[in-house]
Amino acid sequence: MDPSKIPALRRGIRRQYDSARHAHVLLGPERVIVLDDIAVEITNLLDGTRTLADISSTLAEKFAADIAQVQPDVTAFIEELIEKGLATA
Amino acid sequence: MTTIAAPLALMAELTHRCPLQCPYCSNPLELLKAGAERDTKFWLGVIDEAAALGVLQIHFSGGEPALRQDLPQLVEHATARGLYANLITSAVTLDESKLSTLAQAGLAHVQISFQGARPQTADRIGNYRGGHEKKLQMARLVTQLGMSLTVNAVVHRQNLEELPAMIDMALELDADRLEIAHVQYHGWALKNRAALMPDRAAFEAADAIVAQKRQALRGKLTFDYVVPDYYARAPKTCMGGWGQKTLNITPDGRVLPCHAAETIPGLTFDRAGTTPLAKIWFEGQAFNAFRGTAWMQEPCASCDMKTIDFGGCRCQALALAGDARATDPVCHLSPLHQQILEMAETESMADERDFVYRRI
């Protein structure tokens, strides 16, 4: 995936906190995805203005991590969301 | 004792009324009339209880749920309670004003049924003239209003050749998801089986088309594919397991583990509004009847797949094997498997073209 692409949640996909399961979830047609802490951080930044590169550098900075380590994980997660029909880029 | 997880989804069958008369309708043969339907207050209460129980998805279904005047109110209430609101509709009674009201109420996803790709085919199967064109118009509005769109295509012998055209139609409509479902033979479909059963070659061709298109369209169009299980080797994981994920509430307020569960004798269905939904889910007789694996007979009881497919569909086991505890006869391990396969192949050759249409 091109780092200059701007990923966003797909039309009709919602993220919310589920108080029954004490976790953030992504909801879509026939889809319930429970998000872990990292997934919550990434989806927080899917605002339709940030590029994939921006998202990776923001997270690298926030967690004082090496961007070379962060970017592949972020890319893999977003690609998975796109494959599942939950995001677009 | 194993812990019972909270349900994820509620199927709210608001009504059995429907302008379409599809001969494979999943509703029971004995349809409920308008007078038996529950009121707005009842459904608002159900939504509150479902949300408290941990349900995340609500499917407004029927019949045709859009025939209910209170649908926008129910959608709004469900959304306010944190439920993801889905509308399962024929779309023929919708219009621009109704759809935008629903979008404003918080509706997230609309699933529109299509009976074919050609208007002549589709309108004949639904027995509703002009239906197909109306569905196309409404599908375009759904995405314009920012809601997720599923094209639901039920396929069978009399429209399977239009499968490639239905995939193109979903793309042309900019759908997010395409559900291609071979008819499941319960209720009306069981009655019309000889007019619906595809032959094996046609089913294998359809399988190959879906596999190829699903791969080619990854990330653009999500495919959900329900195979014609008479030709399958392993049975489907019906409902994601009995009493594990889903509750189904009938128009008159009875709570079922699946929409066809009423065909199984000896089950007791509690009423929402009378018994708390949580009590029905965790303790209800019908929900516990086939929950887990303790109820199983051989060959299910010692099968490696028993916690994967849970022995298949209980309603189908009853319909075909005469015993709801039997292995679903579509499974290759069932002693009836060969007989079922032969019956499917014989029926697929039948001359039968006429339908018994669904009528109240």
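I take helices (H or I, at least four residues) and strands (E, at least two) as DSSP runs, numbered from the N terminus. This is a predicted model, so I ask for pLDDT of at least 70 for local features and 80 or more for side-chain atom pairs, while totals for chains, interfaces and linings use all residues. Residues are numbered from 1 along each chain as its sequence is written, chains are lettered from A, and side-chain values use heavy atoms, with hydrogens and water left out.

**Entry 1: helix α2 of chain A**

I started at the end of this helix, where α2(A) is followed by Ala64(A), whose phi is positive, near 45 degrees. Next I looked up burial (buried means under 20% relative accessible area, exposed over 50%, partly exposed in between, with a 1.4 Å probe and protein chains only). In α2(A), residues 52-62, the buried ones are Leu52(A), Ile55(A), Ser56(A), Leu59(A) and Ala60(A). They sit on the same side of α2(A) because they cover an arc of only 130 degrees around the axis, taken from the directions from the helix axis to the C-beta atoms. Glu61(A) and Lys62(A) are exposed on the face turned away from that buried side. I then checked contacts (heavy atoms within 4.5 Å) and found that α1 (37-44) and α3 (67-83) of chain A are among what covers the buried residues.

**Entry 2: cores**

My core search joins buried Ala, Val, Leu, Ile, Met, Phe, Trp, Tyr and Cys residues through side-chain atoms within 4.5 Å. The largest nonpolar core has 87 residues, and those touching the most other members include Phe60(B), Ile249(B) and Leu277(B). Helix α1 of chain B (residues 40-53) gives the largest share of this core, seven residues. A second, separate core has 21 residues, Leu52(A) and Ile78(A) among them.

**Entry 3: where the chains meet**

The contact takes 20 residues from chain A and 29 from chain B. I get a buried area of about 1,900 Å² between the two chains, with 46% from carbon and sulfur atoms; this is the accessible area (1.4 Å probe) that two parts lose on being put together, summed over both.

For salt bridges I need a side-chain nitrogen of Lys or Arg within 4 Å of a carboxyl oxygen of Asp or Glu. Four of them cross the interface of chain A and chain B. One of the bridges I looked up joins Arg10(A) and Asp176(B), with the closest N and O atoms 2.7 Å apart. Arg10(A), Arg11(A), Asp174(B) and Asp176(B) are linked in a salt-bridge network.

**Entry 4: a buried threonine**

Which strand holds Thr150(B)? I find Thr150(B) in β5 of chain B, residues 148-155. Thr150(B) counts as buried because its relative accessible area is 0%. Its side chain makes a polar contact with that of His109(B) at 2.7 Å; the rule is a pair of N or O atoms within 3.5 Å, where within protein one must be able to donate a hydrogen and the other to accept it, and residues adjacent in sequence count only if both atoms are side-chain atoms.

The whole structure has 22 salt bridges over all chains. Asp48(B) and Arg81(B) meet in one at 2.7 Å, N to O. Asp48(B) lies in helix α1 of chain B and Arg81(B) in the loop between α2 (71-80) and β3 (84-89), so the pair ties together parts 33 residues apart in sequence. Arg68(B) and Asp70(B) form another, at 2.8 Å between the closest N and O atoms, and both are buried.
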